[in-house]
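Let's take a walk through this model, from the overall build down to single side chains. Keep the viewer open as you read.

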Amino acid sequence: MKRRTAPRTVTAAAAVLALAAAALIGPALTERGTPQAHALTPPVAMTADDLPTWQTNGVVWAMAQSDGVVFAGGTFSAVRPPGAEAGTDERQAVNFAAFDAATGAPTDCRLDFTVGSGTATVRALAVSPDGETLYAGGNFAAVNGTYVSRVAAIDIPSCTVKPEFNVSVSATVHALAATDDTVYLGGAFTSVDGQSRGKFAALSTDGELRSWKADADATGRAVEVTPDGRSVVLGGDFARVRNTDSHALAVVDADSGALKHGYGRSFVPRNSVVKGLYADETGIYTANEGTGGGVFDGRIALNLDDFSQRWRDTCLGATQDVTVYKKVLYSSSHAHDCSSMGEFGELHERQHLLAESVDDPTPLLSWFPDTDDGPLNVEQVGPRAMVVSSRGGKDYMWVGGAFSRIASNGNTPQQGLVRFANGPDTGAPTVPEDVNAANVLGGVRVSWPASTDLDDRTLTYRVYRNGGSEPVGTVRANSAFWDRPTVSFTDTTTDSGTDYTYRVTASDDGDANTSSRSAGAKVRTPGTPSETTVEREASADAYVNGSSVNSAYGTHMQLAVRGSAPYESYARFAVPSAPDGMELAKARLTVTTSGDSYAASTDTVTVRPVTGSWSETGVTWAERPSVGSTALGSLDGAPERSTAYDIPLSTEAVGDAAGGDLDLALTSSGSDSLWLAARESGGTGPKLTLTFRKP
């Protein structure tokens, strides 16, 4: 049960262990380098950017939270820092761990759930409405050495077992829900404290067995209490409850267990079960899993007033858990075919996390972070549990399961746990690919397949011509990872007989995050030109280091400039002759700061002519070329990372190099280093742009 609890202060359970190395997540940058905070396509209010989070070495089956502390239970023996390989920097955590929701690091609350024989596991967690008590269920016989029998109560402030809550349960507990005075259990058991109870039971908060009975004929997997406290929703493998047909789902009275609403055997098909439930003021939601043909794997929304169906989605791919955040239903599953809902067809792979409005399951909302299924030695279903926790004014969604990688983040290794936040959104859309430019009536048509973004459906595209700093066109279009329509823009301001190169960027909502520019698409317009623009990428570049005078850096991915403890950088360009009847009108050098945290600089950089000889692979500080004293241009600081900066150059000096090579040096007298992308970085190295015109 994951219902919200009132804020409270946690003492021992909230103390956070310092991480040995913290991963930094800086603000994303727009095309102009302006930091932005938030960009999501409503009603989605949780980003898809995974945050650094400690990992487990096994499966997380259950999660709960209290006042910014997230509890994870499962089948594991240790936790380790983000990015650490299995067996590295591990800390013992026997089937249970508590984490700071905001940092992803473990707290000092340590509880070991063990059993004398067999495999101990924690399968269910629930927090009391006052946030003081954590209830745990599963298959275990002791917590920190204190005897318990498959269910336990933990005092959260002191992180200790409550010995008075001592109940004997005959088999594994799979589900828990707690109210102010009652704890409801679901599982595989047939008796509690020696009295017959078929798969579901109720205890007082002191651990006394209540007379409440909702006997089912097969395993209980989920239990939730409705917001008014009058009804209990049951989910599982069963076909009958209280001797009445009600397959996989039932609603019973919270005081007696009497059946209030049953569901016939066709409501949830016979080959499908309910694995998870969530109830709040917007309704009741089910997570369903099926086996074989004709299964139901999706989600159902039920009305609170009469428990009738409000909607259901029919995606294929078993759902393990659901939770609601700001009227969006988030689910953990391994969905692979949602064509029956008009969404993506058979993927032949799995999308493990989805979102949909609590009012309507279609269309699927733009929230597509993804994990893998998990290692081969576990049941490969990926995520299994979800919970939302708030801390420090920010909300975090935690996901636990059997996964071992974050597929949506380059298959980054991450086992058992991952978390997301309600901001800032730091993930840029994918770089537009396969950009095409073609002459059409009235101009040049630029077209490309739509990009994708993990948490934004509507993207803004900007079309840049000949390396210009301002776009010649802006287009908005919707897309999803399975639906990438062709987007186009027609440039009607072209000149006759002129060479043009077009590049495109994609930005998310509010331009908070912008992709790099696409590869260039080239076209020559028909007719006789009056102006033409030519781009030249560096044919060689390198930097030298005054602190390592004999080292060569010509093959490095970056260039460096600094005055004290000096660096100098050099770039070579082949300068074309002016077309017949034209002359050079403008020249500019474009450099791009790298993405490193130290890349930007506020110092002035001066562009000077190189008057001596040098080679890219051989130049060193000791053998650096002579540099002219005349400045060809300057840049008054480059204060943002991952940002392109234009430096106007002397047209006379550039024109004098026509038909040959132009060698430029980047120098500075300041003490703040500037790091730039070299030509080896692929498309963002130094670039010379020349504009020729008829006089």
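Of the protein's 695 residues, 56% count as buried. Keep in mind that this is a predicted model. The secondary structure comes to one helix and 54 strands. Taken along the principal axes, the C-alpha atoms fill a box of roughly 100 × 60 × 40 Å. As for contacts between residues at least 6 apart in sequence, 61% of them join residues at least 24 apart.

**Domains**

The domain assignment gives domain 1 (227–368), domain 2 (436–527) and domain 3 (531–694). Between domain 1 and domain 2, the C-alpha centres are 42 Å apart. Where these two meet, ten residues of domain 1 are in contact with six residues of domain 2. The size of an interface is often given as the accessible area lost when the parts come together. For domain 1 and domain 2 that buried area is about 730 Å², and carbon and sulfur atoms give 64% of it. On the domain 1 side, Phe344, Ser366 and Phe368 lose the most area to domain 2, together 69% of what that side buries.

**Strands and sheets**

Start with an open sheet of three strands, in the order β1-β4-β5 with antiparallel pairing. Its edges are β1 (55–56) and β5 (91–92); each has a single partner strand, so one side of each is left without a neighbour in the sheet. The pairing of β1 with strand β4 (residues 78–80) is antiparallel and runs over two bridges. Thr56 has Val79 in β4 as its bridge partner.

Next, look at strand β18 (residues 200–204), where five of its five residues are buried. In a regular strand the side chains alternate between the two faces of the sheet. Which residues cover the two faces of β18? Phe200, Ala202 and Ser204 lie on one side, Ala201 and Leu203 on the other, and all are buried. Strand β15 (residues 182–187) pairs with β18 in the antiparallel sense over five bridges. In this pairing, Val183 stands opposite Leu203 of β18.

**Aromatic side chains**

A pair of aromatic rings is described by the distance of the centres and the angle of the planes. The count for this model is 24 aromatic pairs. Two of them are set out here.

| Pair | Arrangement | Centre to centre | Angle between planes |
|---|---|---|---|
| Phe71 and Phe96 | stacked | 6.2 Å | 20 degrees |
| Tyr567 and Trp675 | edge-to-face | 5.4 Å | 65 degrees |

Ring pairs link Tyr567 and Trp675 into a cluster with Tyr543, Tyr553 and Tyr598.

Charged groups also sit over rings here. The charged end of Arg312 is over the ring of Phe296, 4.7 Å from its centre. Likewise, the charged end of Arg572 sits over the ring of Trp614, 4.4 Å from its centre.

Ala355 belongs to strand β31 (residues 351–357). Its relative accessibility is 0%, so Ala355 counts as buried. Leaving out residues up to four places away in sequence, Ala355 touches Val328, Leu329, Tyr330, Leu364, Leu365 and Trp367. Ala355 and Ser332 are 23 residues apart in sequence, with 9.2 Å from C-alpha to C-alpha.

Asn243 is placed in the loop between β21 (240–241) and β22 (244–245). With 67% relative accessibility, Asn243 counts as exposed. From Asn243 to Gln309 it is 66 residues in sequence and 23 Å in space, C-alpha to C-alpha.

How values were computed
Residues numbered from 1 in each chain as written. Predicted model: local features only at pLDDT ≥ 70, side-chain atom pairs only at ≥ 80, totals over all residues. Heavy atoms only, no water. Pairing = 2+ DSSP bridges. Helix = DSSP H or I, 4+ residues; strand = E, 2+ residues; numbered from the N terminus. Phe/Tyr/Trp six-rings, centres within 6.5 Å; stacked < 30°, edge-to-face > 60°. Lys NZ or Arg CZ within 6 Å of the ring centre and 35° of its normal. Buried < 20%, exposed > 50% of the residue type's maximum accessible area, 1.4 Å probe, protein only. Domains from an automatic or database assignment. Contact = heavy atoms within 4.5 Å. Buried area = accessible area lost by both parts, 1.4 Å probe.
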